[in-house]
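Visitor: I would like to learn how to read a protein model, feature by feature. Where do we begin?

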Amino acid sequence: MTAPAGSTPGIPELALRAPEPGWAIDADVVVVGSGVAGLTTALRCAAAGRRTVVVTKARLDDGSTRWAQGGIAAALGEGDTPAQHLEDTLVAGAGLCDETAVRTLVTEGPGAVRRLIGTGALFDTDDRTGEILLTREGGHHRRRIAHAGGDATGAEISRALVEAVRARAPREGSAAPAVAGTGTGTVETIENALVLDLVRDGNGRAAGVTLHVMGEGRRDGVGAVRAPAVVLATGGMGQVFSATTNPAVSTGDGVALALRAGAEVSDLEFVQFHPTVLYLGPDAEGQQPLVSEAVRGEGAHLVDADGVRFMLGQHELAELAPRDIVAKGIMRRMREQGTEHMYLDARHFGAAMWESRFPTILAACRAHGIDPVTEPIPVAPAAHYASGGVRTDLRGRTTVPGLYACGEVACTGVHGANRLASNSLLEGLVFAERIAEDIDANLPPATAPAPAGTPPASVAPGGALLAPEARYAIQRVMTAGAGVLRSDASLTGAARALEELHDGAAAELSREGKTAEPCVETWEATNLLLVSRVLVAVARSREETRGCHWREDHPDRDDSGWRRHLVVRLGRTTGPGAELVINPTDTADFPPARPHGTPHHRSTPEGTPS
């Protein structure tokens with residue numbers, strides 16, 4: 001495969017401005033992210049004998065996975081089948097799921113969960129039978145959600161995977177190469193490191209990443225990991241909004257990196273707002289406490305201030321309708337009554353059930369002065385999950401050779417316009433295993449380290465960086481203009497404000513040669529701006545209401561015009577202002593993930609379907 005027109009070896013020309021890498025290490029595979037998707041990929045690659053490096057932005061256990069409360073969905077219970085799980089997923093996805101991808105997920109899911117248990121994850125079981133306990137969440141017609149520690153599933157999964165990864169750490173002073181297929185591969189970890197950009201070889205293939213290690217030690221500052229396979233597992237981008245359930249590290253870095261590298265992204269307009277997030281006041285910002293859907297699955301009711309169950313009659317599953325329907329129901333009731341939140345009433349659980357089944361949520365509520373045992377919990381929707389991301393095929397391959405994506409950063413077609421509850425952890429497991437299989441099948445035996453003195457990478461100058469405070473301006477713009485409720489007017493205003501932020505930074509660089517100092521805060525703000533601009537552009541283009549994309553000026557679902565995906569890439573002009581190229585697919589199924597230059601769907605002006 002040849003490099004796309006206009007590209008150069010080394011760092012793509014659309015790069016973050018950063019110092020030259022001062023150090024480099026070699027591996028067969030570099031995995032960016034340490035949630036369920038990243039660590040599962042790393043473990044499977046190491047088991048195949050590959051020298052693997054995991055780069056993570058904070059500590060190994062500090063990503064979004066450990067915050068997952070409800071559990072992991074799979075057809076594990078008596079009478080449940082992958083076909084039933086498939087149907088629930090397709091319904092929740094509002095007509096935009098790629099059915100082949102969903103079938104892969106639900107068919108391979110039970111086995112993947114059992115292998116996770118084999119890795120050491122301990123799920124809640126029945127004291128008498130030893131069977132895994134299962135609960136329900138929104139959109140599921142059966143109990144198929146396996147959980148751990150009551151409401152600490154993500155923390156348990158993270159614990160098990162982190163322990164397994166640390167057991168694969170290379171021995172101190174050992175330089176012996178791994179041998180493919182022997183199971184002797186190692187997993188080296190680099191913590192507190194923000195990945196900057198993709199490195200490509202002369203043929204346009206992924207050849208590693210540049211990164212910045214925050215702190216002092218054996219490796220610090222900007223460096224590079226050279227590897228012929230790069231796996232993005234960076235999680236979501238919830239920090240584009242003021243209030244989110246995502247941790248502070250979720251700044252869309254993987255999607256931004258992929259865009260700058262020339263990869264395609266899709267479905268960014270479908271940001272799922274979790275219906276029941278603890279309401280902390282109108283000025284609350286940053287990560288907000290989640291009140292798991294499993295609380296409703298165990299029988300809690302959504303009520304207004306008068307105690308009326310307003311979801312009754314709106315959907316056959318009432319409070320357990322898919323998340324987009326429940327979030328809209330809450331927003332409508334809030335508007336009708338002029339209030340800023342609704343309530344989740346689970347007082348009938350009693351203290352014993354709260355303490356055993358939902359100890360994490362109970363503690364979070366009490367920390368904010370609310371006791372769910374004796375009073376209803378104030379809740380409101382907040383940004384929770386990106387159903388879209390870097391477009392991949394069923395092996396996790398992106399449109400850039402050698403670059404893979406897995407987990408929330410990826411768009412496999414599984415989630416469609418609205419993710420079914422607890423399918424996210426399962427997606428990370430299933431597609432991580434598929435990526436590892438593809439890497440093992442297609443990479444040559446373990447690669448030899450680069451000769452001593454080989455330069456880490458060739459770095460382009462990079463474009464303008466935003467000042468750190470721009471992060472908060474972006475969040476306010478996105479919350480006001482591209483939140484739960486959207487319209488042409490709100491999205492146009494958001495687009496204008498985002499362009500002003502970009503143009504101001506670009507003009508200063510062009511006019512005075514000045515830009516914000518390269519550092520973690522300016523890189524994050526610049527990444528947030530890029531993903532925000534794409535999200536707003538596709539949300540303006542999709543003139544309908546579907547799943548978690550709610551247009552007040554286009555309140556109906558339009559299958560004839562919009563049962564298709566919007567695929568976006570950056571034009572190959574230089575600089576951070578590269579144009580957005582938006583291509584609608586022909587159907588709800590994704591076309592193959594091919595390198596650019598191979599036509600696979602129609603290209604039209606920004607966002608207008610042909």
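Guide: Begin with one residue and its neighbours. Leaving out residues up to four places away in sequence, threonine 52 touches Val29, Val31, Ala42, Cys45, Ala46, Thr186, Val187 and Glu188. A contact here means heavy atoms within 4.5 Å. Threonine 52 sits in strand β3 (residues 52-55). Helices (H or I, at least four residues) and strands (E, at least two) are DSSP runs, numbered from the N terminus.

Visitor: What kind of model is this, and how are residues numbered?

Guide: This is a predicted model: local features need pLDDT of at least 70, side-chain atom pairs count only at pLDDT 80 or more, and totals for chains, interfaces and linings use all residues. Residues are numbered from 1 along each chain as its sequence is written, and side-chain values use heavy atoms, with hydrogens and water left out.

Visitor: Is threonine 52 buried or exposed?

Guide: Buried means under 20% relative accessible area, exposed over 50%, and partly exposed in between (1.4 Å probe, protein chains only). Threonine 52 has a relative accessible area of 1%, so it is buried.

Visitor: Which backbone atom does the side chain of threonine 52 reach?

Guide: A polar contact is a pair of N or O atoms within 3.5 Å; within protein, one must be able to donate a hydrogen and the other to accept it, and residues adjacent in sequence count only if both atoms are side-chain atoms. In this case the side chain of threonine 52 reaches the backbone oxygen of arginine 50, at 3.2 Å.

Visitor: Now the whole chain. How many helices and strands are there?

Guide: The protein chain has 14 helices and 23 strands. Of its 610 residues, 60% count as buried. Take contacts between residues at least 6 apart in sequence: 73% of them join residues at least 24 apart.

Visitor: Which pair shows such a separation, and how far apart in space is it?

Guide: Take arginine 17 and leucine 465. They are 448 residues apart in sequence, yet their C-alpha atoms are 7.0 Å apart. Arginine 17 lies in the segment before β1 (24-26). At 24% relative accessibility, it counts as partly exposed.

Visitor: How do I check the length of a helix?

Guide: The expected span is 1.5 Å times one less than the number of residues. Helix α13 (residues 520-541) has 22 residues, so it should span 32 Å; its end C-alpha atoms are 32 Å apart, which agrees. α13 is also mostly covered, with 20 of its 22 residues buried.

Visitor: How many residues of helix α5 are buried?

Guide: In α5 (residues 253-260), 8 of its 8 residues are buried. Among what covers them are β8 (193-200), β11 (229-232), α13 and β22 (566-570). Just after α5, glycine 262 takes a positive phi of about 100 degrees.

Visitor: Last, how do I read the cavities?

Guide: On a 1 Å grid over the protein atoms alone, a cavity is a set of points where a 1.4 Å probe fits but cannot get out; lining residues have an atom within 4 Å of a point. Grid points are joined across faces, edges and corners, and a volume is the space filled by probe spheres set on the points. The structure holds 4 cavities of 30 Å³ or more.

Visitor: What lines the largest cavity?

Guide: The lining includes Val271, Phe273, Asp324, Lys328 and Trp550. β14 (271-278) and α7 (323-337) each supply at least two lining residues. By class, the lining has 6 nonpolar, 2 polar and 2 charged residues. Ala, Val, Leu, Ile, Met, Phe, Trp, Tyr, Cys and Pro count as nonpolar, Asp, Glu, Lys and Arg as charged, and the others, Gly among them, as polar.

Terms used: 1 Å grid on protein atoms, 1.4 Å probe; cavity = no way out; pocket = protein on both sides within 12 Å on 5 of 7 lines; lining within 4 Å.
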